[in-house]
Amino acid sequence: MAEPAVLSVSELTRTIKALLDGDERLADVWVRGEISNFTHHKSGHMYFTLKDAASRVKAVMFASQNRYLAFRPEDGMRVLARGAVSVFERDGQYQLYVREMLPDGVGSLFLAFEQLKERLRAEGLFDRKRPLPTFPRRIGVVTSPNGAAIRDILTTLRRRFPLAHVIIVPVLVQGEEAPASIAAGIERINRFREVDVLIVGRGGGSIEELWAFNEEIVARSIYASSIPVISAVGHETDVTIADFVADLRAPTPTAAAELAVPHVRELAERLVHMEERLRSALRRRLGEERVRLQRLAQSPVFRHPRRLVEPWMQHRDQLDRRLGEAFGRLVERRRNAHQALVRQLALATPRQRLAVARARWKALDRDLARAMALHLREAKQALGHLLGRLDALSPLKVMQRGYALVYNETGERVLTSVRDVAPGDTVFVRLADGRLDCQVWGIEEGVQHGNETRDGHARSGTDL
Amino acid sequence: METKRAMGMPEAELTFEAAMQRLEEIVQRLEDGDVSLEEAIELFQEGMRLSRWCDKKLRDVEQRIDLLLEEEDGAFRLVPFSGEEDEA
């Protein structure tokens with residue numbers, strides 16, 4: 001007998017869990033019900049019960065899922081919850097693991113709208129308002145390429161500012177896929193980047209038709225856009241979440257196009273205005289310069305140019321004077337020095353010495369003359385005396401006494417010996433009063449007396 | 001491009017916005033008057049050139065309208081948008 005198989009509680013629970021998890025119908029179900037026992041745990045997870053008149057089911061929505069809820073679940077709220085059925089093993093309890101939840105019914109739409117608006121406002125998504133470019137080069141338009149909105153926008157842009165290049169990002173603007181399509185379009189044009197401003201919107205319609213622009217995914221994609229966004233949804237009275245998040249809300253698509261660009265006519269007027277400002281600014285400037293020039297031309301410097309040089313002339317004169325003075329002083333000093341030298345030189349002059357020498361010379365000359373005269377006188381006296389004596393001894397005197405002198409035939413030599421002549425020679429005989437030319441007739445040596453006399457006479461002469 | 005070269009504009013693509021900004025700046029500087037006379041005259045001439053250029057741009061331009069399409073590989077493609085049938 002085989003024993004019946006016994007399961008532990010855990011095994012049983014795991015078996016049931018495997019059963020439920022394996023059922024595809026339970027993996028993704030939509031459940032309509034009313035919320036009760038709602039608890040928002042501090043972990044962020046939501047625990048509640050969904051019930052209807054006859055039954056109830058436990059439900060959990062984890063924080064990661066409920067973060068994007070467009071509304072805040074409350075007890076008594078009727079909702080549509082989407083999720084999978086599984087078992088919480090600890091309690092052996094099956095429950096609905098909610099991934100998505102929507103308020104049930106149009107009334108709930110408004111509630112969801114209000115709640116989302118409040119939440120996004122609290123998050124600060126409505127506070128960012130960026131300035132729009134004044135002259136957008138490229139304008140992105142995220143909308144349906146077939147709607148009235150694109151037609152209005154293009155007409156307006158063409159009329160006002162044909163300079164801008166319009167880039168349309170075709171998206172679905174209504175229906176279930178619209179929110180994701182719009183968000184993807186905004187994301188795509190942001191990746192494309194080369195756009196200065198973005199118009200996101202659609203033409204008028206029912207609240208359900210406009211609802212995509214109330215979806216959080218659209219709001220967040222607008223907020224995430226690095227390109228400034230102008231929202232343009234429906235008519236003036238239609239205000240969507242997208243309008244709050246956008247940098248600028250336009251009441252209509254036409255208005256959005258008007259807000260996106262300036263008007264060419266205004267620009268042309270502005271250009272004219274700026275040209276006028278340019279002209280008048282330059283005119284004014286030229287006028288100012290002219291006045292300045294005149295003022296300068298009339299300045300004393302130009303009217304009395306001499307004044308410009310006068311101080312210099314004065315200075316020059318001053319220097320001139322000083323130079324003269326200095327030079328004068330210098331000359332004076334030199335002159336003084338010169339004179340001193342002259343004086344000194346005068347003291348040392350040879351003239352003085354010359355005078356002294358001359359005086360001395362004169363004295364000596366005088367002395368010499370005197371001595372000379374004296375000497376002459378003495379010599380004269382001596383001469384006189386000697387002459388007297390000489391006279392007394394003169395041969396002439398002797399000759400007067402009868403003596404004669406005999407000269408050779410030339411008259412040059414006194415003959416003192418008979419040997420000096422030969423017979424026939426011519427001799428001269430000098431007497432006291434003249435001469436005799438004689439010829440020797442004969443020679444005779446040794447005639448005593450004649451010879452002695454002549455010798456004696458000669459001796460006498462020699463004695464002189 | 002030719003216009004810009006002829007006008008002696010910088011190499012970088014001159015946008016209408018940049019031209020208008022420069023024009024505003026020139027007018028402002030000229031009005032402030034703290035530039036030399038030569039500079040003032042140059043600014044004036046540049047300003048007039050820019051003004052004419054902007055004016056011409058406003059008059060001559062034909063609006064360009066494209067659809068932005070994304071290929072499977074993530075490449076972007078701009079396709080001229082006619083939209084005639086929709087307007088009709």
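How many salt bridges are there between chain A and chain B? The count is 5 salt bridges. The model described here is predicted, and this briefing concerns the contact between its two chains, A and B.

**Extent of the contact**

- Chain A contributes 39 residues to the contact, and chain B contributes 41 residues.
- The area buried between chain A and chain B is about 4,000 Å², with 66% of it on carbon and sulfur atoms.
- Of the area that chain A buries against chain B, 16% is supplied by A:Leu271, A:Leu278 and A:Arg285, more than any other three residues.

**Polar and charged pairs**

- Between chain A and chain B, 17 residue pairs are in polar contact, counting pairs with both residues at pLDDT 80 or more.
- A salt bridge links A:Arg191 with B:Glu70, and their closest N and O atoms are 2.5 Å apart.

**The side of chain A that touches chain B**

- Two or more residues on this side come from each of helix H5 (148–160), strand E7 (165–170), helix H6 (178–192) and helix H11 (264–297) of chain A.
- H11(A) provides the largest share of this side, with 16 residues.
- Sorted by class, the side of chain A that touches chain B holds 24 nonpolar, 12 charged and 3 polar residues.

**Strand pairing across the chains**

- Strand E7(A) is joined by 4 bridges to strand E1 (residues 64–70) of chain B, and the two strands run parallel.
- Opposite A:Val166 stands B:Ile65, a residue in E1(B).

Definitions and conventions. Residues are numbered from 1 along each chain as its sequence is written. Chains are lettered from A and ligands numbered from 1 in the order in which they are written. This is a predicted model: local features need pLDDT of at least 70, side-chain atom pairs count only at pLDDT 80 or more; totals for chains, interfaces and linings use all residues. Side-chain values use heavy atoms; hydrogens and water are left out. Contact means heavy atoms within 4.5 Å. Buried area is the accessible area (1.4 Å probe) that two parts lose on being put together, summed over both. A salt bridge is a side-chain nitrogen of Lys or Arg within 4 Å of a carboxyl oxygen of Asp or Glu. A polar contact is a pair of N or O atoms within 3.5 Å; within protein, one must be able to donate a hydrogen and the other to accept it, and residues adjacent in sequence count only if both atoms are side-chain atoms. Ala, Val, Leu, Ile, Met, Phe, Trp, Tyr, Cys and Pro count as nonpolar, Asp, Glu, Lys and Arg as charged, and the others, Gly among them, as polar. Two strands pair if DSSP finds at least two bridges between them.
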